Amino acid sequence: MQRITYQPGDSFLHHLHPLVKLAWLVGSTAALFAIQQPAGVLSVLFLAAIAFPLNALKIHRVRGLRLFAFTALLLFLTQLFFASTDTPLLQFGPLRITEAGITRGIYVAGRLLSVVLLGYLFVLTTEPNDLGYALMWAGLPYRYGFMLITALRLVPLFEREAQTVYQAQLARGIAYDARGFAWSGLKRFFTLARQFFLPLLVSAMSKVDALAVSMEGRSFGKYPRRTFLREVAFTRRDGVALGVLALAIAGVIAVRWFGG
Amino acid sequence: MIEIRDFSYRFSGSERYALRDVNLDIAAGEFVVLTGPSGCGKSTLALALGGFLFNQYNGEATGNIRVAGMDVRQSPVYDVAEVVGLVQQNPEAQFCTLTVQDEIAFGLENRCLPRAEILERMAWALNVVDAHHLKDRELATLSGGEKQRIAVAAMLAARPQVLIFDEPTSNMDPTATAHIFDVIARIREMENITVIVIEHKVAYLRRFAPRWLQMQSGQLSAISGQPSAFSHQPVVREPNSEIQNLKSAAPLLKTEKLAAGYNGHTVLHDVSVEIGPGEFVAVMGDNGSGKTTFLQCLLGLLKPSEGHVEVTGQDTRATPVSKLAQRAAYVFQNPDHQLFAETVWQEATLAPRNFGVWNKKTEALATTLLDEAGLGQRHDDHPYRLSYGEKRRLNLAAMLTYTPSLLLLDEILIGQDPDNAARLLEWLQARVAGGSSAVLINHAPDIAQHYATRLLFFKAGKLTIDAPIDQGFAQLARLGYTAYLPYSGNGNDG
């Protein structure tokens, strides 16, 4: 299983500017909730789904997808059976299936699944670091932008340290890996939790100290603004993507408020 | 350039002065080396010169520090940063971004320099540290030595007048260490840059003919002439007949065609070794050559992808680590990652309790070991209140309380001054004389030569040398690994 994180690649979406992708994510999510036709919701879902193979992303290998698909199915069934108030199309004892039930099921489940897929598309093809810099370029105060970048830097570091602490505990005979360990009692659980998190906390604090020295020692925070080495280059591809998004949103608005 | 007058400093909550009555004048362009035992106040002095002490920490300061005419105590850090650059010990902890270019640009962007100038300075700084080829890399993909060179470049790019290196090579293998000192040599040749190097590896620094300063318990003194390097006499290794007998017994440890790695990526290939009782094995090789992977396999922290490992006859695939650990103790690099209990005494007795061997005998042994570690009066203190060297000795004592027959030690000498290191090594040696075996990953050839009986040398995941220690070094010399040879003018002393 792949983790839900950036997967390096060379696809169309990988090359799209992070802010354009963000605009697509926000725009299509808004459109999903504006669309009043089940066919519309299904088309967005379909487009989001085929975007995976088109961008060389292996949809079936992404962690968490099955859980979301299952949730969507449950939601669909609940709506199908319990939101049906009009004339039934089919009836099994107390369970009635109606057109309104199907429509509501598609709305709820289709929207959930579409938002999840769009989110995956964004996360799997956008380097978080690039996004951080792009947001700062677009006007996000750099102190907030670097909060994101610092978190990105420290999380893998802490993950590795947690692994080391776990191993160090095994080496001292704390039998996490032995059978029956899970039943060793609540009190022991709290002792172990403390013994696990204290070393991590101490080490995190010294890391944060070193980082603060490093940032201040390089004049972080000297001026309210700063310059950036990275140039934000919008390509024709980005222009086209934005144009298509604008047209799609215009279309949704037209149908929703001026259409039939 | 630097003028310190009657400066003293005490961290809040501490009774002891970290720095006491320090007086120092350093002229522009001088090259100064500052040595002294771990925890003596060297790093505190570096933090004082950079102005960090007076902004980030609440402490009590008296006296004056002026750098380039600026009163450091009264100036904001970012003004002092225009003059002073500080390269810290751990490159990974001081990175603020994720890529080489972002990292070098970081300080320049904060100073609002225009893009063209940032590019120009970046090219220059990368050139000085000989890292132009790393320009498009992500920091996470660099080796330790490469990371430290980028950290140096990031500081240089700001064109500081004073550059301070705080133990810049403590996490590095001999090859990378030699490289960093070459970089320092190049910076030394530049005009108008004052360099202060805080280092234990004094032998590397002799070629710079620096001004030597020593710090002891927060007080500074000049050293006339040169400081002594690793001063402990070689230990005479006499063949011990009892151990010779033990050796004919079953090996403590055996690996057969061992291959192992992470996430499907094989790091270690085809390693077959047997280690018997009474051996002191030094494991050497560049960072990334598979030393730690090898050691992790020996305790079953990592299971072999091919071949197998037996610890006192037990297959690591079939036995839980927490059980194997009773026979094979593993001490990790960072002391802070392996202190779990609330008092020194509980820490020292945690493992025997877990293993169910807590009795009068182990209790007496724990008392003796803590006395030997110099922690006899500290039973009720919290482990995190100990000094770096004391924590290290506690780590080791906590392992010895259940008398494991195999001691696996991963770079436990990092950041230890020569006296502390010698103390740990002599302690280990006593265990080996008693029939245990030690497997020590370390980067100091002199230490390996003084204490070890056997050398394992790894290169790109393969065991390329497995020989008695003296023959091992002879083979290294033949193969041209000069950085790995014991100090004989090339400058390795721990």
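A residue is called buried if 20 or more other C-beta atoms lie within 10 Å of its own, exposed if 12 or fewer, and partly exposed in between, with the C-beta atoms placed from the backbone. Helices (H or I, at least four residues) and strands (E, at least two) are DSSP runs, numbered from the N terminus. The structure is a predicted model, in which local features need pLDDT of at least 70 and side-chain atom pairs count only at pLDDT 80 or more, while totals for chains, interfaces and linings use all residues. Residues are numbered from 1 along each chain as its sequence is written, and chains are lettered from A and ligands numbered from 1 in the order in which they are written.

Ten of the eleven residues of H4(B) are buried, so the helix is largely enclosed by the rest of the structure. Among the buried residues are Val100(B), Ile104(B), Phe106(B) and Leu108(B), and also Asp102(B) and Glu103(B). The buried residues of H4(B) pack against H5 and helix H6 (144–156) of chain B. Just after H4(B), Cys112(B) takes a positive phi of about 60 degrees.

H4(B) also takes part in the meeting of the two chains. Two residues are in contact if their C-beta atoms, placed from the backbone, lie within 7 Å. The contact takes 51 residues from chain B and 43 residues from chain A. On the side of chain B that touches chain A, the largest share, six residues, comes from H4(B). This side divides into 30 nonpolar, 16 polar and five charged residues. Here Ala, Val, Leu, Ile, Met, Phe, Trp, Tyr, Cys and Pro count as nonpolar, Asp, Glu, Lys and Arg as charged, and the others, Gly among them, as polar.

Within chain B, the domain assignment (bounds from an automatic or database assignment) gives domain 1 (2–222) and domain 2 (241–327 + 404–484). Their centres, taken over C-alpha atoms, are separated by 35 Å. Twelve residues of domain 1 are in contact with 14 residues of domain 2.

Strands come next. Two strands pair if DSSP finds at least two bridges between them. Strands E1 (residues 2–11) and E4 (residues 59–67) of chain B pair in the antiparallel sense over eight bridges, and Arg10(B) stands opposite Glu60(B) in E4(B). E4(B) also pairs with strand E5 (residues 70–71) of chain B, in the antiparallel sense over two bridges, where Arg66(B) stands opposite Asp71(B).
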